[in-house]
Amino acid sequence: MTGQVTVPLLDVRSLRKWYDIRGGVIPHLKGHVQAVTDVSFEIARNEVLGLAGESGSGKTTIGRCVLRLIEPTAGEVKFDGEDVLGFAPERLRRFRRDAQIIFQDPFSSLDPRMTVGEIVAEPLEVQKLCANAPERRDRVVELLDTVSLSAEYLDRYPRALSGGQRQRVGIARALAVNPKFIVADEPVSSLDVSIQAQVVNLLVDLRAKFGLAILFISHDIAVMEHLSDRIAVIYLGRIMEVGPAEALCRDPKHPYTEALLSAVPDPDPAYRRQRIVLDGDVPNPVNPPSGCVFRTRCPRAIADCAHMVPPLREVASGRQAACIRL
Amino acid sequence: MSSSPIAGNDSLVAVRDLAVRFATPAGPVLAVDGVSFDIMRGETLALVGESGSGKSTAALALMGMAGLSGKAAIEGRIALRLKKGNECDVNRLSARDLRQVRGNEIAMIFQEPMSSLNPVYTVASQIVEAITEHTKTTSAAAHARALELLHMMGIPNPAKCMISYPHQLSGGMRQRVMIAVALSCEPSLLVADEPTTALDVTIQAQIIALLKRVQTRTGMAILFITHNLGLAAEIADRAMVMYAGRMVEQGAVAEVFRNPRMPYTQVLLRSLPRLGRPREPGQKLEAIPGNVPSALKRPSGCAFHPRCTFMVQGQCDEHAPVIESCGPGHAVACLRWREIAAGRAA
Ligand SMILES: Nc1ncnc2c1ncn2[C@@H]1O[C@H](COP(=O)(O)OP(=O)(O)OP(=O)(O)O)[C@@H](O)[C@H]1O
Ligand SMILES: Nc1ncnc2c1ncn2[C@@H]1O[C@H](COP(=O)(O)OP(=O)(O)OP(=O)(O)O)[C@@H](O)[C@H]1O
Ligand code: SF4
Ligand SMILES: [Mg+2]
Ligand SMILES: [Mg+2]
């Protein structure tokens, strides 16, 4: 291929995070929780990548590793072409300005002793982004306005806000430092149904307005399809499938994606999918199955599935999946 | 006193004008505000609504348990047809009779199985206890029945599960055990309060398939509480929507979800992102303005009026709509439903 090679904003290669398990009378290493194994993906500027998967599949771990809030066990994370894992403290501080996180729980992620104004001002102070207090206050008001909260909220405490309002404060705080990239870890999961759409719409707006790239983590694949350009489906710490959101949801390739989508209930019977009920539970990540990690629940598994880990490969134009049966 | 609401029809339960009021330090909370509904034998009724709308409180009242979590004043009538054919009013039973009704006639499962399973007893002893409490059985027979129930719940290794403690099981397995306990005395009504909300969708699909299988086999009725409209549509025959303690719409699932009449139901359905629908890039969801009202300060008139695009001042904020029939088996509480349905409301 000719032409200019554009560097992705975020480039993750062979990421691994295994948590140590220690125990015993004389504490010693007893094993590992294999939370994330060999995960690779890219996010372009102004792109939203959805990370879909069930509880314990490693979504939060991935989000935290790419921001270096926790240290990966192995792999490479490049931001704008630079090696994040090699950043010295000063460079890391600047990186933290470009890359922000929004948490799932708007109730525990805001300090209850700080007012809304103080919460949003804090990153501005830490990053020394405003010359003086009045300038900072103006900026805080502007940020609250961006998330549709009027200045009357400045002096309120988090407990006097609804869930959706708290989540918007969390978003305003993340935006304070003009990030290029945001990890949104289940940002709407704890909200009331009638409030979720407000926050989803806000994310759609902000992305367009600020050209943000977002790693959108969720177990709600319908919300994800709405918001994402591409979706990566993860199971037991590995990527099963990745592809354009719409195509992946319309025509899933991997048997796990197929089962996951079929399990999503829909209020309209005309859109009801043929349900594929998987047997059993997700295996323990301390001792994941050999070969394809999904094989113990896969309706299409054959003997060979136990023998090798299927690589993520192109299975159709623009579509990648990790399954030997495709 | 009026005649029994269930005499001569196929209702298993008939709830009339149920109201539950809690005394709290911040003031009285009217958690359930004049709700009436029926549950037919063998049917599944979905109770949908957002957090704080009064779903759990209504369900607990049905079990005679609303008073257990705090100081509650309960009004209204809860007629229940018993297995023997006679009927009772749950709200007027003695504590002793209530214990017989619970488990035997109505059983309940919760979102968090740990809240109804005892962490210090094995699965076997909990099921055996549930069985022997209500029926005269030898413990050997109860044990055999427990094993059979776990098998019926699709638990891969029932014998191993029997000797496990709840914390040793996965979320999905615990939920199955709780269902086994609930079903041990073959209740005619299972009240399921968000039983799959904490579970992953693939495990949720297993539990739903299980409940449907059990229902086909035993003919029990299910009151299924959820905030997930998709799930309600899928599992239930009829649905009932609650908002701020009141019932705002009720009807056959196909009717309520295809032709919703209450503005709240309408906009809630439109605000949901749906899988696999064609859409424009950057397209927005329809958002419902405002917030869910606090239970301490319920809006006057129609409780939805501060968020409703059809609200008419002087009407909606002053007069509480009554439940009206808006189609066969379909009822709605909205002052303007006729105009809205006819497309004449702006
Ligand atoms: N600090 C830790 N120590 C040990 N194990 C951990 C730690 N954090 C996470 N894990 C384990 O790693 C695996 C992945 O966890 P992670 O939180 O990344 O999953 P997730 O996909 O975000 O799940 P959820 O949807 O429940 O948030 C799980 O098995 C979890 O128990
Ligand atoms: N024991 C109690 N004392 C005081 N208030 C209560 C009590 N139980 C419930 N409430 C209040 O009654 C209202 C209805 O609560 P309920 O638990 O029935 O709602 P719900 O629809 O089940 O909500 P969720 O979806 O969050 O479970 C809420 O405002 C709640 O705070
Ligand atoms: S009564 Fe009025 S405010 Fe309530 S739903 Fe109907 S139109 Fe809206
Ligand atoms: Mg997580
Ligand atoms: Mg509840």
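Around ligand 1 there are 13 residues, and those that come nearest are A:Ser55, A:Gly56, A:Lys59, A:Thr60 and A:Thr61. A residue is near a molecule if one of its heavy atoms lies within 4 Å of it. This is a predicted model, in which local features need pLDDT of at least 70, side-chain atom pairs count only at pLDDT 80 or more, and totals for chains, interfaces and linings use all residues. Residues are numbered from 1 along each chain as its sequence is written, chains are lettered from A and ligands numbered from 1 in the order in which they are written, and side-chain values use heavy atoms, with hydrogens and water left out.

Polar contacts come next (pairs of N or O atoms within 3.5 Å; within protein, one must be able to donate a hydrogen and the other to accept it, and residues adjacent in sequence count only if both atoms are side-chain atoms). The side chain of A:Thr61 places an N or O atom 2.5 Å from an oxygen atom of ligand 1. For the side chain of A:Ser55, the distance from an N or O atom to a ligand 1 oxygen is 2.8 Å. A:Ser57 uses its backbone: a polar atom there is 3.2 Å from an oxygen atom of ligand 1. Taken alone, ligand 1 exposes 630 Å², and the protein buries 62% of that. Accessible areas come from the Shrake-Rupley method with a 1.4 Å probe; for residues, only the protein chains shown count as cover.

Which elements supply the shell around ligand 1? In chain A, β2 (28-43) and α1 (59-66) each supply at least two residues. The largest share, three residues, comes from α1(A). Helices (H or I, at least four residues) and strands (E, at least two) are DSSP runs, numbered from the N terminus. By class, this shell has four nonpolar, six polar and three charged residues. Ala, Val, Leu, Ile, Met, Phe, Trp, Tyr, Cys and Pro count as nonpolar, Asp, Glu, Lys and Arg as charged, and the others, Gly among them, as polar.

Now turn to ligand 2. It is surrounded by 16 residues, the closest being B:Ser51, B:Gly52, B:Lys55, B:Ser56 and B:Thr57. A polar side-chain atom of B:Ser51 is 2.7 Å from an oxygen atom of ligand 2. B:Lys55 also brings a polar side-chain atom, at 2.8 Å from a ligand 2 oxygen. B:Gly52 contributes a backbone N or O atom, 2.8 Å from an oxygen atom of ligand 2. On its own, ligand 2 has 630 Å² of accessible area, and the protein covers 69% of it.

In chain B, β1 (11-24), β2 (27-40) and α1 (55-62) each give at least two residues to the shell around ligand 2. The most, three residues, comes from α1(B). The shell divides into four nonpolar, nine polar and three charged residues.

Chain A as a whole has nine helices and 12 strands. Its radius of gyration is 21 Å, close to the 20 Å that the globule rule gives for 326 residues, so chain A is as compact as a globular protein of that length. That radius is taken over C-alpha atoms; the rule is 2.2 Å times the number of residues to the power 0.38. The C-alpha atoms of chain A fill a box of roughly 70 × 60 × 55 Å along the principal axes.
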